[in-house]
There are 2 protein chains.
Amino acid sequence: MSTNPVPPGSRRSRHASIVDVAALAGVSAATVSRSLRGHSNVSPATRQRVVEAARELAYVISPQASGLASGRTGTIGIVVPFITRWFFANAVAGASTVLHEAGYDVLLHHLGSASARDSFFERMPLARRVDAVLTVSLPLSEEHTLALRALDMPLVTMGARMDGLTCVRIDDVSVASSAVYHLLHQGHEDIVMLAGFDEDKGFGFASSEDRRTGFRQAMAAAGMRTGTDQDVIVARAYGIEGGAQAMDELLAGPRLPTAIVAEYDELAIGALRSLRRAGIPVPGRISVVGIDDHEMSSVVELTTVRQPVQEEGATAAQLLLDTLGERPPGPTDVVLPTRLVVRGSTGSPRTGP
Amino acid sequence: MSTNPVPPGSRRSRHASIVDVAALAGVSAATVSRSLRGHSNVSPATRQRVVEAARELAYVISPQASGLASGRTGTIGIVVPFITRWFFANAVAGASTVLHEAGYDVLLHHLGSASARDSFFERMPLARRVDAVLTVSLPLSEEHTLALRALDMPLVTMGARMDGLTCVRIDDVSVASSAVYHLLHQGHEDIVMLAGFDEDKGFGFASSEDRRTGFRQAMAAAGMRTGTDQDVIVARAYGIEGGAQAMDELLAGPRLPTAIVAEYDELAIGALRSLRRAGIPVPGRISVVGIDDHEMSSVVELTTVRQPVQEEGATAAQLLLDTLGERPPGPTDVVLPTRLVVRGSTGSPRTGP
DNA sequence: TTGAAAGCGCTAACAC
DNA sequence: GTGTTAGCGCTTTCAA
């Protein structure tokens with residue numbers, strides 16, 4: 001019927017190698033290499049024969065051998081604090097789709113905790129394994145930055161500016177400000193920011209600082225008192241639970257503001273859960289605004305500032321690929337647009353007691 | 001002050017190589033290799049010198065060279081349909097934490113769409129790049145299965161049984177049944193299942209079939225009519241939007257059941273959104289049960305059947321590592337426990353018209 | 001316990 | 001255009 005795809009006399013290792021293909025096509029290994037990688041200096045007829053031989057032998061190039069010889073890995077490392085959070089999962093999705101389409105593999109590292117993060121930067125399991133690195137919203141210490149730079153490879157950050165590095169982000173200052181303006185516009189005067197977990201000297205997210213700044217700037221510009229200890233409360237855990245706990249504490253305290261700006265939607269959603277359980281009407285007694293437009297925000301009718309997370313990831317990945325090409329462009333700072341999405345969690349404050 | 005970590009006369013490539021370490025330690029490359037990998041037949045003194053030399057030169061082993069020589073990659077491939085969905089992100093988190101701790105790298109592939117899935121199995125970008133593969137909830141066609149098996153490497157599935165393969169899962173049949181029993185126990189007699197997107201011949205999830213079976217079995221056992229066209233409605237999109245649309249259609253139809261069992265929580269959450277917007281009281285007019293215990297389920301007070309997703313991922317990863325060791329165990333079928341979490345979305349049906 | 005030598009499978013100069 | 005020749009940096013027999 002058909003010829004055996006594995007020549008009987010071949011060395012019969014698990015895979016056909018480039019010399020097997022070369023033999024079958026009647027050319028040298030170098031020509032096979034050139035043909036399969038689309039180099040121009042191969043005659044169409046030869047290339048044709050090589051491609052067919054490769055197909056017949058089910059030849060798959062060995063990335064190890066190729067990488068060893070060429071110095072490239074064909075792999076990009078993506079580092080995120082948490083893969084389970086909506087934001088990071090979407091960032092990874094946007095980036096890895098672009099990278100896979102470009103023929104790159106993606107090595108994923110999620111840090112998960114401060115200790116895991118430290119051991120990551122200490123062991124640096126990316127060294128010699130990837131051609132470039134994309135980090136997402138990692139607030140990096142001096143030490144971590146050095147470890148990353150010591151890799152001496154292209155580096156793009158998403159959501160965290162670093163000197164001399166290409167960064168894709170949103171304008172976190174103005175994002176937080178616009179959340180405040182929305183509330184001010186509705187007549188709120190007693191607004192508190194619900195900020196993310198800090199974990200000592202910070203395994204928060206890189207955007208944290210800027211959002212707090214944006215909050216305070218907008219408050220100050222409107223003549224609201226700010227800078228006190230009470231205008232920003234800090235969650236003591238990540239995500240929903242962090243937001244819920246912080247809200248519980250606020251509810252237990254002496255004074256409940258008329259509005260909350262949460263650093264990110266999951267905090268806001270946690271706060272909403274606490275408010276609902278406590279029977280506090282939203283927005284009747286208190287309004288809540290988030291930042292992100294998490295996929296669940298429409299479900300809980302959360303007013304929020306939307307950012308295009310997948311697009312940020314895709315853009316960052318594309319810039320990384322550009323850097324890998326010939327004539328790499330210099331570092332840039334790409335800022336993507338955001339917009340306020342008004343839903344049911346905000347409204348005018350009740351006048352009177 | 002201190003000696004230069006890069007010997008002036010060395011070949012000064014970007015990294016120190018094993019021969020640099022060997023030279024500095026005054027041994028052969030073979031001994032360096034043995035020392036650094038903890039082989040027993042190296043004298044403590046020698047190993048000590050090698051380790052110090054490696055540290056001094058900031059030596060990092062080249063995975064490419066090592067892999068080329070040894071035939072191993074030190075990398076595991078994880079394949080998921082979507083990384084942005086809560087379930088898969090958690091599965092990946094559980095698995096990759098275990099794999100990273102064991103010193104393996106993780107190559108992530110998320111398929112995203114049926115066309116991307118097909119091209120994935122056609123191009124098989126895992127070939128020669130990983131030592132083993134973990135697939136999560138992928139319903140595989142005959143063709144895909146063959147492509148995977150052709151890789152000829154250890155394969156563990158999470159949430160999708162396949163002949164002769166190790167699988168970690170929950171009992172999807174009984175999970176769906178228990179959701180039904182909960183409703184029956186509350187007195188419901190008119191129950192409809194809200195099932196996931198099918199996309200022609202199926203890019204749904206592997207658990208889909210079993211959950212429908214569980215639903216029908218429980219209904220039949222209770223003497224409810226089943227098998228009609230109306231006891232299972234199928235969403236026309238994934239996730240929340242799919243659930244919302246399906247619920248909208250049900251609401252527009254002639255008959256509204258008193259209870260819904262959703263194939264997974266995101267569908268249930270979408271359904272809840274539609275119900276809230278339509279002003280239908282839950283559980284007053286209709287009860288809703290989900291499956292998963294998605295992190296948002298507590299926020300919307302969804303009654304659901306919890307499954308330990310991260311633990312499933314971690315278990316699957318561990319089994320994969322076991323398979324990679326000497327004396328690989330045979331294929332097993334690990335079923336993890338689940339439990340009903342009763343929240344506010346279910347209650348007795350209203351008696352009367 | 002250690003070293004020498006032979007690859008692993010590919011790419012990149014350099015010839016022709 | 002195509003082939004030849006060296007490696008890329010390890011691991012692994014096989015000897016010693």
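**B:Arg128 is partly exposed, having 19 C-beta neighbours inside 10 Å.** A residue counts as buried with 20 or more other C-beta atoms within 10 Å of its own, as exposed with 12 or fewer, and as partly exposed in between, the C-beta atoms being placed from the backbone. The model is predicted: local features need pLDDT of at least 70 and side-chain atom pairs count only at pLDDT 80 or more, while totals for chains, interfaces and linings use all residues. Residues are numbered from 1 along each chain as its sequence is written, and chains are lettered from A and ligands numbered from 1 in the order in which they are written. B:Arg128 has a positive phi near 70° and is not a glycine. B:Arg128 sits in the loop of chain B between α6 (114-123) and β3 (132-136). Helices (H or I, at least four residues) and strands (E, at least two) are DSSP runs, numbered from the N terminus.

**A:Asp152 is another residue with positive phi, of about 60°, although not a glycine.** Most residues other than glycine have a negative phi, and most peptide bonds are trans. The loop that holds A:Asp152 runs between α7 (142-150) and β4 (155-158) of chain A. A:Asp152 is exposed, with 10 other C-beta atoms within 10 Å.

B:Pro283 is placed in the loop between α11 and β9 (287-292) of chain B.

**Strand β3 of chain A (residues 132-136) is largely enclosed by the rest of the structure, because five of its five residues are buried.** A:Ala132, A:Leu134 and A:Val136 point one way from β3(A), while A:Val133 and A:Thr135 point the other way. In a regular strand the side chains alternate between the two faces of the sheet. Strand β1 of chain A (residues 75-80) runs parallel to β3(A) and is joined to it by four bridges; strands pair if DSSP finds at least two bridges between them. A:Gly77 has A:Val133 of β3(A) as its bridge partner. β3(A) also pairs with β4(A), again in the parallel sense and over four bridges, and here A:Val136 stands opposite A:Met158.

**The largest nonpolar core holds 88 residues.** Such a core is a set of buried Ala, Val, Leu, Ile, Met, Phe, Trp, Tyr and Cys residues joined through C-beta atoms within 7 Å. The residues with the most contacts inside this core are A:Val92, A:Ala95, A:Leu134, B:Val92, B:Ala95 and B:Leu134. Leaving out residues up to four places away in sequence, A:Leu134 touches A:Ile76, A:Ile78, A:Ala95, A:Val156, A:Met158, A:Ala316, A:Ala317 and A:Leu320. A second, separate core of 86 residues includes A:Tyr264, A:Val282, B:Ala262 and B:Val299.

**Chains A and B each give 36 residues to their contact.** Residues are in contact if their C-beta atoms, placed from the backbone, lie within 7 Å. On the side of chain B that touches chain A, the elements giving two or more residues are α4, α5 (86-101), β2 (105-110) and α11 (265-278) of chain B. The largest share of that side, six residues, is from α5(B). By class, the side of chain B that touches chain A has 18 nonpolar, eleven polar and seven charged residues; Ala, Val, Leu, Ile, Met, Phe, Trp, Tyr, Cys and Pro count as nonpolar, Asp, Glu, Lys and Arg as charged, and the others, Gly among them, as polar. The copies meet through the same surface, because 100% of the interface residues of chain B are also interface residues in chain A.

**DNA strand C is surrounded by 25 residues.** A residue is near a strand if its C-beta atom, placed from the backbone, lies within 6 Å of it. The closest to DNA strand C are A:Ile18, A:Ala30, A:Ser33, A:Ala65 and A:Ala69. The largest share of this surface, five residues, comes from α4(A). The surface near DNA strand C comprises 13 nonpolar, eleven polar and one charged residue.

**DNA strand D is also surrounded by 25 residues.** B:Ile18, B:Ala30, B:Ser33, B:Ala65 and B:Ala69 are the closest. α2 (29-36) and α4 (63-70) of chain A, together with α2 (29-36) and α4 (63-70) of chain B, are the elements that give two or more residues to the surface near DNA strand D. α4(B) provides the largest share, five residues. The surface near DNA strand D divides into twelve nonpolar, eleven polar and two charged residues.

Key: Contact = placed C-beta atoms within 7 Å.
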